[in-house]
Amino acid sequence: MDLTSLLGYILVGLLFGWVSSTLVEWVWYRGRRRQIDLSAMSPAARGTQPLPEGPAAQTFGAPPGPAVAATAQTGRRDHRDAQPGPPVAQDLSNRPDNLTAVYGIGGLYERRLYQVGIFTWDQLSRADAESLQQITRALPGSDTSAWTEQARELAQANHRIGAVYDGPLPEDLTRIAGVDQVFEDALYAAGIFTYRQLTERTPDELARIIPAHLAGEELDFVSWIVQADSLRDEYYTDEPPIL
């Protein structure tokens with residue numbers, strides 16, 4: 001085997017490993033995100049939360065349709081006894097959404113979308129593909145039209161249709177050692193969107209936002225506050241706003 005062939009095999013192996021690890025990490029994150037979302041609900045709301053059905057629902061966490069009963073004799077669905085569940089209120093709280101939940105959008109693209117005022121999945125779903133390409137400066141092969149469809153699914157599944165946000169520009173709290181994407185989502189849900197806001201909280205307050213049974217381990221909230229203080233006011237300074 002010559003050197004060129006060997007290098008080719010190595011490159012293919014590295015590419016396959018990267019794709020596999022990215023897919024595994026994405027599936028793991030979706031599972032943890034659903035776990036923390038359900039745990040944050042009241043018992044009454046958690047009891048009415050539908051479970052995913054089918055491949056599409058597993059991908060986006062979309063709620064299934066009305067409950068149905070299948071007859072043992074024919075295997076057909078019988079809608080006569082189906083009882084619709086109570087309506088689920090839209091979650092229109094004033095907070096941004098995690099746009100990196102859309103496949104193809106990373107932290108850099110999310111930051112650029114935030115800079116032009118696209119903060120929620122619903123707002124993203126209403127943008128046209130060409131504008132998204134210009135705003136994010138995405139690579140030519142990026143399927144920005146698919147972003148809007150995924151964002152629409154996420155907004156619907158999470159009851160965020162019509163959601164908006166008018167607070168300070170959100171910052172990437174996962175840059176703090178010990179804060180992963182799930183913990184950032186919990187901080188966002190508690191109204192902590194920036195490093196400066198994090199420095200204004202006490203360790204006890206952060207412990208109530210992220211209880212031990214969610215963290216699975218003891219977290220160093222004092223370190224979070226110290227790191228946030230060193231990072232504040234710097235997240236958007238390396239790139240001018242996109243007009």
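What follows is a set of questions and answers about a predicted model of one protein chain.

Visitor: How do you know what the overall fold pattern of the chain is?

Guide: From its secondary structure, which comes to twelve helices and two strands. Along the sequence, the order is α-α-α-β-β-α-α-α-α-α-α-α-α-α.

Visitor: What makes Q227 count as buried?

Guide: Its relative accessibility is 19%. Buried means under 20%, so Q227 counts as buried. Q227 sits in helix α12. Apart from neighbours within four places in sequence, Q227 is in contact with R175, I176 and A177.

Visitor: Why is G162 called partly exposed?

Guide: Because its relative accessibility is 41%, and partly exposed lies between the 20% limit for buried and the 50% limit for exposed. G162 is located in the loop between α7 and α8. Leaving out neighbours within four places in sequence, G162 is in contact with L92 and D122. G162 and W121 are 41 residues apart in sequence, and their C-alpha atoms are 9.1 Å apart in space.

Visitor: Which residues of α12 are buried, and how do you know how they are arranged around the helix?

Guide: In α12, residues 221-231, the buried ones are F221, W224, I225, Q227, A228 and L231. Viewed down the helix axis, they fall within an arc of 165 degrees, so they line one face of α12. An α-helix has 3.6 residues a turn, so residues three or four places apart point the same way.

Visitor: What do the buried residues of α12 pack against?

Guide: They pack against α8 (181-189), α9 (195-199) and α10 (203-209).

Visitor: What makes α8 "mostly covered"?

Guide: Seven of its nine residues are buried. These are V182, F183, E184, D185, A186, L187 and Y188. At the start of α8, a side-chain oxygen of D180 comes to within 3.2 Å of the backbone nitrogen of V182. The cut-off for a polar contact is 3.5 Å. After α8 comes G191, with a positive phi near 90 degrees.

Visitor: Which residues touch the most other members of the largest nonpolar core?

Guide: The core has 42 residues, and L124, L187, L206, I210 and W224 touch the most other members. Elements giving two or more residues to this core include α4 (107-115), α5 (121-125), α6 (129-136) and α7 (144-157). The largest share, five residues, comes from α12. In soluble globular proteins, nonpolar side chains tend to be buried together.

Visitor: What is L124 in contact with, leaving aside its neighbours within four places in sequence?

Guide: Its contacts are L99, V102, I105, L113, I118, L132, W147, T148 and A151.

Visitor: How many of the residues in the whole chain are buried?

Guide: Buried residues make up 35% of the 243 residues. The accessible surface of the chain comes to about 14500 Å², and carbon and sulfur atoms account for 58% of that area.

Visitor: Where is the confidence lowest, and where is it highest?

Guide: Strand β1, residues 69-70, has the lowest confidence, with a mean of 34, and α5 has the highest, at 97. For the chain, pLDDT averages 74, and 60% of the residues score at least 70.

Visitor: What is known about residues 26-82?

Guide: Over these residues pLDDT stays under 50, although the model has 64 contacts for them beyond four places in sequence. Where pLDDT is low, the predicted coordinates should not be read in detail.

Terms used
Residues are numbered from 1 along each chain as its sequence is written. This is a predicted model: local features need pLDDT of at least 70, side-chain atom pairs count only at pLDDT 80 or more; totals for chains, interfaces and linings use all residues. Side-chain values use heavy atoms; hydrogens and water are left out. Helices (H or I, at least four residues) and strands (E, at least two) are DSSP runs, numbered from the N terminus. Buried means under 20% relative accessible area, exposed over 50%, partly exposed in between (1.4 Å probe, protein chains only). Accessible areas come from the Shrake-Rupley method with a 1.4 Å probe; for residues, only the protein chains shown count as cover. The arc is that of the directions from the helix axis to the C-beta atoms. Contact means heavy atoms within 4.5 Å. A nonpolar core is a set of buried Ala, Val, Leu, Ile, Met, Phe, Trp, Tyr and Cys residues joined through side-chain atoms within 4.5 Å. pLDDT is the predictor's confidence in each residue, from 0 to 100. A polar contact is a pair of N or O atoms within 3.5 Å; within protein, one must be able to donate a hydrogen and the other to accept it, and residues adjacent in sequence count only if both atoms are side-chain atoms.
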